[in-house]
Amino acid sequence: MTTKRYTAEDLDQRMSGIVYRPGAAWVDEIPDAYKPIDQVMADARDLVEVVHELRQVLNLKGT
């Protein structure tokens with residue numbers, strides 16, 4: 001579970017320079033909890049054909 005591995009302080013450090021909602025409730029959104037997309041795509045290379053690459057500009061999580 002992400003909240004057992006990371007703290008709100010870890011999130012603050014990782015999100016430096018990024019506008020986000022701070023606090024323990026958002027620790028599960030720490031970037032370190034996600035696999036790098038390049039690794040995910042490399043692992044799936046036999047299953048998919050890349051047609052377009054997208055870049056994330058916003059991540060919105062509701063409460």
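The model is predicted: local features need pLDDT of at least 70, side-chain atom pairs count only at pLDDT 80 or more, and totals for chains, interfaces and linings use all residues. Residues are numbered from 1 along each chain as its sequence is written, and side-chain values use heavy atoms, with hydrogens and water left out.

A pocket is an open set of points on a 1 Å grid where a 1.4 Å probe fits, with protein on both sides within 12 Å along at least five of seven lines; lining residues have an atom within 4 Å of a point. Volume is the space filled by probe spheres set on the points.

| Pocket | Volume | Lining by class |
|---|---|---|
| Largest | about 630 Å³ | 12 nonpolar, 2 polar, 4 charged residues |

Asp, Glu, Lys and Arg count as charged, Ala, Val, Leu, Ile, Met, Phe, Trp, Tyr, Cys and Pro as nonpolar, and the others as polar. Among the 18 lining residues of the largest pocket, Met15, Tyr20, Glu29, Gln56 and Asn59 are closest to its centre. The lining of the second largest pocket includes Ile37 and Met41.

Ile37 and Met41 also belong to a nonpolar surface patch of about 550 Å², together with Val40, Leu47, Val48 and Val50. Such patches join nonpolar side chains within 5 Å, from residues with over 30% relative accessible area and no salt bridge.

Conventions. Patches are made of residues with over 30% relative accessible area and no salt bridge: like charges are joined within 9 Å, nonpolar side chains (Val, Leu, Ile, Met, Phe, Trp, Tyr) within 5 Å. Accessible areas come from the Shrake-Rupley method with a 1.4 Å probe; for residues, only the protein chains shown count as cover. A salt bridge is a side-chain nitrogen of Lys or Arg within 4 Å of a carboxyl oxygen of Asp or Glu.
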